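Trainee: I would like to work through this model with you. Where shall we begin?
Mentor: Have a look first, then ask.

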Amino acid sequence: MALVPCPLCGKEISEYAVSCPGCGEPIPHYALLVLDDREDWFVLLTYVSEWKGCTREEAEQWICAPCVLRRGMTWAEAQEAALDLSGCTVQILPEEEADQLCQTALLRRTRKQEEKPLPLPFWQTVKAVMVGGFLLWLILMLLGGLFFG
């Protein structure tokens, strides 16, 4: 049995306690948060597919860092899961903090996707290539006239 600190008073209490015997503060459940999904992709996919009971392909669609990998764990369970994923960047947080962090990251990703410039339509691309070619021809003509004229 491991001892964890109470989030309010700091007193060491059992990892399985529902609330702190000293101050009565409810003990939060912890979530395992994946911060970087590029480090050891194989280990991450194996862990998720075994834990969820799915194929690696299904696990691959489910993971997008930062994301909450597991929730509702005690401190000891979260530490054990983090050790299983020792090749990946993971963090153990109370569930509420992990959810807030993921929401913030999702908003940032959405904003970045919205800010991406749209590609040029076909005829605008043709026009840009023709203008570029004309400018190149003009510069070569001017340089040729300076050196050979």
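Trainee: How many disulfides does a search of the whole structure find?
Mentor: The model is predicted, and the cut-off for a disulfide is a pair of cysteine sulfur atoms within 2.5 Å. Cys9 is in no disulfide, and its nearest cysteine sulfur, in Cys6, is 3.7 Å away. The sulfur of Cys23 also has its closest cysteine sulfur in Cys6, at 3.7 Å, which is too far for a bond. Searching the whole structure gives a disulfide count of zero.

Trainee: Is Cys9 buried, partly exposed or exposed?
Mentor: Buried needs under 20% relative accessible area and exposed needs over 50%. Cys9 has 44%. That value falls in between, so Cys9 is partly exposed.

Trainee: And which class does Cys23 count as?
Mentor: Apply the cut-offs again: under 20% is buried, over 50% is exposed. Cys23 has a relative accessibility of 35%. Cys23 therefore counts as partly exposed.

Trainee: What is the order of helices and strands along the sequence?
Mentor: The protein has five helices and five strands. Reading along the sequence gives the pattern β-β-β-α-α-β-α-β-α-α.

Trainee: Which element has the lowest mean pLDDT?
Mentor: The protein averages a pLDDT of 76, and 74% of the residues score at least 70. Among its elements, H5 has the highest mean, 89. Where pLDDT is low, the predicted coordinates should not be read in detail. The lowest mean, 67, belongs to helix H4 (residues 95–115).

Trainee: Where is Glu15, and is it buried or exposed?
Mentor: Glu15 sits in the loop between strand S2 (12–14) and strand S3 (30–36). Its C-alpha is 6.2 Å from that of Thr74, though the two are 59 residues apart in sequence. The relative accessible area of Glu15 is 8%, and under 20% means buried. So Glu15 is a loop residue that is buried.

Trainee: What is the relative accessible area of Leu85?
Mentor: Leu85 lies in the loop between helix H3 (75–84) and strand S5 (89–94). Its C-alpha is 6.6 Å from that of Val43, 42 residues apart along the chain. Leu85 is buried, with a relative accessible area of 0%.

Trainee: How much of the protein is buried?
Mentor: The protein exposes about 10,600 Å², and carbon and sulfur atoms supply 61% of that area. It has 149 residues. The buried share of these residues is 28%.

Trainee: About how many Å² does the nonpolar surface patch with Leu135 cover?
Mentor: Leu135 is in helix H5 (residues 122–148). At 44% relative accessibility, Leu135 counts as partly exposed. The patch is made by Val131, Phe134, Leu135, Trp137, Leu138, Met141 and Leu142. Its area is about 700 Å².

Trainee: Last one. Of contacts between residues at least 6 apart in sequence, what share joins residues at least 24 apart?
Mentor: Count the contacts in the protein between residues at least 6 apart, then take those joining residues at least 24 apart. The share is 55%.

Conventions: Residues are numbered from 1 along each chain as its sequence is written. This is a predicted model: local features need pLDDT of at least 70, side-chain atom pairs count only at pLDDT 80 or more; totals for chains, interfaces and linings use all residues. Side-chain values use heavy atoms; hydrogens and water are left out. Helices (H or I, at least four residues) and strands (E, at least two) are DSSP runs, numbered from the N terminus. Buried means under 20% relative accessible area, exposed over 50%, partly exposed in between (1.4 Å probe, protein chains only). Contact means heavy atoms within 4.5 Å. Accessible areas come from the Shrake-Rupley method with a 1.4 Å probe; for residues, only the protein chains shown count as cover. Patches are made of residues with over 30% relative accessible area and no salt bridge: like charges are joined within 9 Å, nonpolar side chains (Val, Leu, Ile, Met, Phe, Trp, Tyr) within 5 Å. A salt bridge is a side-chain nitrogen of Lys or Arg within 4 Å of a carboxyl oxygen of Asp or Glu. pLDDT is the predictor's confidence in each residue, from 0 to 100.
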